[in-house]
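Dear colleague,

Please find the structure below, handed over for your study.

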Amino acid sequence: MSIKNHKCDVAIIGAGPVGLFAAFQFGMLGMKAHIVDTLAVAGGQCTALYPEKPIYDIPGYPRIDAAELIERLIEQAAAVDPVYHLGQQVVALAKADAGDRWRLETSTGTVIDARIVVVAAGAGAFGPNRPPLPGIEDYEGKGVHYMVLRRQDFAGKRVVVAGGGDSAVDWAVSLAEVAEKVSVVHRRAKFRAAPESVNRLHALADEGRIDLVVPYQLAGLEGDGETLRAVIVTDLDGNSRRLEADILLPFYGLAMSLGPIADWGLNLDHHHIVVDPATCLTNYDGIFAIGDIATYPGKLKLILTGFAEAAAAAHAAWPMVFEGQELHFEYSTTKGVPE
Ligand SMILES: Cc1cc2nc3c(=O)[nH]c(=O)nc-3n(C[C@H](O)[C@H](O)[C@H](O)COP(=O)(O)OP(=O)(O)OC[C@H]3O[C@@H](n4cnc5c(N)ncnc54)[C@H](O)[C@@H]3O)c2cc1C
C-alpha cells in the first residue's frame with residue numbers, strides 16, 4: 001500500500017474544533033481516525049478567522065483565545081494519535097469496492113478507505129474572496145495574505161489592509177502595534193465593524209499610527225512578481241495613489257463553499273447537511289455530519305454543540321465498526337486515556 005493509501009475506522013473531513021474533538025471521541029471508543037483539511041493548519045474558523053479573539057462560552061474555560069482552544073484540542077486528540085492530512089481538500093467520496101466501507105480522495109491524491117465518515121466541514125472549505133487584481137496569485141503566500149496566523153510575521157513591515165469589516169478593522173488595529181506602517185483601504189468612509197473597534201481605528205488614525213485611505217479601492221500591485229513593492233488604489237473619480245507596501249492583506253471575507261460535498265448525494269437544506277439529531281447520521285449508512293455543517297430543528301451553531309454532536313456520532317458509529325459486539329458505556333474518569 002503506498003503512503004497515499006490509508007485504511008482506518010473513521011475519516012473526518014474538517015480539522016476545525018469539532019473535527020478535532022471528534023478524533024478524540026472516536027479514539028476514546030477505540031476507533032482510529034484520519035483527519036483531512038483544506039487549510040495547512042488545524043483549527044477551522046477559530047484559526048482562520050479569529051485566532052486572537054477570546055471565546056467566553058467554552059465550558060470550563062471562563063475565557064480562552066481561539067488559537068489556544070485549538071492547541072488544547074490538538075493536545076487532547078494526541079492521546080488517541082489521529083493522522084492528519086492537511087493542505088488538501090476532500091474532492092470525492094464514494095462507496096469503496098469492498099462491503100460497506102467508504103473511499104475518500106483528496107486534491108493531492110491521498111486515498112482513505114474508512115468504515116465511517118464524519119463530515120465536520122463547517123461552512124465548507126475556506127477560500128478567500130480575491131480582489132480582481134492582475135497577477136495577484138503570484139504574490140499569494142509572499143506579499144499577499146488572506147489571513148493572519150501570527151501578527152509577529154508582519155512586525156516591522158509596511159502593511160496595507162483592504163476591507164471595511166471586522167477582520168480588516170481588528171487586524172489593522174492589532175498590527176498597528178507591531179508593523180512599521182499600516183494603511184487601511186476601504187471604498188467607503190464608514191466601516192462595518194464593531195463600534196468599539198471602529199473607534200479604536202479612528203483614534204489610531206488621529207494619532208498618525210494608521211493611514212486611512214478612504215474612499216479608495218484596490219487597483220493594482222507593483223513588484224517583480226515575487227516581492228511586493230506597492231499597492232495602487234483609485235477613488236471613484238479615477239484618481240490614483242501609490243501606497244508603498246511589503247504586505248497586502250485583502251479582507252473581503254472568506255468564501256466558504258460546500259464545494260464537492262454538495263455532489264455526494266447527502267440530503268441538504270440551504271447548504272447544510274440534514275442529520276438525525278440523536279445520532280448525527282446523514283441519509284447514508286456510516287456517514288455522519290457534525291458541527292456547523294449539520295442541521296436539524298433547533299440547531300445552535302456553537303462550538304459546544306459540535307462537541308456534543310461528536311460524542312453522539314461516535315457512540316452511534318461504534319456498532320457499525322465493531323459489528324456484533326456490545327458497547328459498555330464508560331466515563332473517561334473510569335477508563336482514562338490510552339497511554
Ligand atoms: C468571528 C467569529 C467568532 C465566533 N465566536 C464564537 C464563540 O464565541 N463561541 C462559539 O461557540 N462559536 C463561535 N463562533 C462559531 C464557531 O467558530 C463555529 O461554530 C465553529 O468553528 C464550527 O466548528 P466546525 O469544526 O464545525 O467548523 P469549522 O471551524 O468551519 O471548520 C471546518 C473545517 O473543514 C474544512 N473543510 C471543509 N470542506 C472540506 C473539504 N471538502 N475537504 C477538507 N477540508 C474541508 C475547512 O477548511 C475548515 O477548516 C465564532 C465564529 C466567528 C466567525
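**Salt bridges**

D170 is partly exposed, with a relative accessible area of 22%; buried means under 20% relative accessible area, exposed over 50%, and partly exposed in between, with a 1.4 Å probe and protein chains only. Before going further, please note that this is a predicted model, in which local features need pLDDT of at least 70 and side-chain atom pairs count only at pLDDT 80 or more, while totals for chains, interfaces and linings use all residues. Residues are numbered from 1 along each chain as its sequence is written, and side-chain values use heavy atoms, with hydrogens and water left out.

The side chain of D170 meets that of K53 in a salt bridge, at 3.1 Å from N to O. A salt bridge is a side-chain nitrogen of Lys or Arg within 4 Å of a carboxyl oxygen of Asp or Glu. K53 lies in the loop between α2 (44-49) and β3 (54-55), and D170 in helix α5 (residues 166-175), so the pair ties together parts that are 117 residues apart in sequence. Helices (H or I, at least four residues) and strands (E, at least two) are DSSP runs, numbered from the N terminus. K53 is also partly exposed, at 37% relative accessible area.

The structure holds 19 salt bridges. One of them joins D211 and R241, with 3.4 Å from N to O. This pair links distant parts of the chain, with D211 in strand β12 (residues 210-213) and R241 in strand β15 (residues 240-244), 30 residues apart. D211 is partly exposed at 22%, and R241 is partly exposed at 31%. E105 forms a salt bridge with R103, where the closest N and O atoms are 3.1 Å apart. The relative accessibility is 29% for E105, which counts as partly exposed, and 37% for R103, which is likewise partly exposed. Finally, R158, E222, R242, E244 and D246 are linked in a network of salt bridges.

**Helix α5**

The helix that holds D170 is mostly covered, since 7 of the 10 residues of α5 are buried. The buried residues are A168, V169, W171, A172, V173, S174 and L175. They pack against β10 (158-162), β11, α6, β12 and β16 (247-250); contact means heavy atoms within 4.5 Å.

H186 is found in the loop between β11 (181-185) and α6 (195-206). Is this residue buried or exposed? H186 is buried, with a relative accessible area of 5%. Leaving aside residues up to four places away in sequence, H186 touches G163, G164, F191, V213, V214, P215 and Y216. A polar atom of the H186 side chain lies 3.0 Å from the backbone oxygen of K190.

**Helices α1 and α7**

Helix α1 (residues 17-28) and helix α7 (residues 303-321) pack at an angle of about 35°, and their axes are 9 Å apart. Axes are lines fitted to C-alpha atoms, for helices over the stretch in contact, and angles run from 0 to 180 degrees between N-to-C directions. In the contact, P17, V18, F21, A22, Q25 and F26 of α1 meet I303, G306, F307, A310, A311, A313, A314 and A317 of α7. By class, this contact of α1 with α7 has 12 nonpolar, 2 polar and no charged residues. Ala, Val, Leu, Ile, Met, Phe, Trp, Tyr, Cys and Pro count as nonpolar, Asp, Glu, Lys and Arg as charged, and the others, Gly among them, as polar.

Yours sincerely

Methods: Polar contact = N/O pair within 3.5 Å; in protein donor to acceptor, adjacent residues only side chain to side chain.
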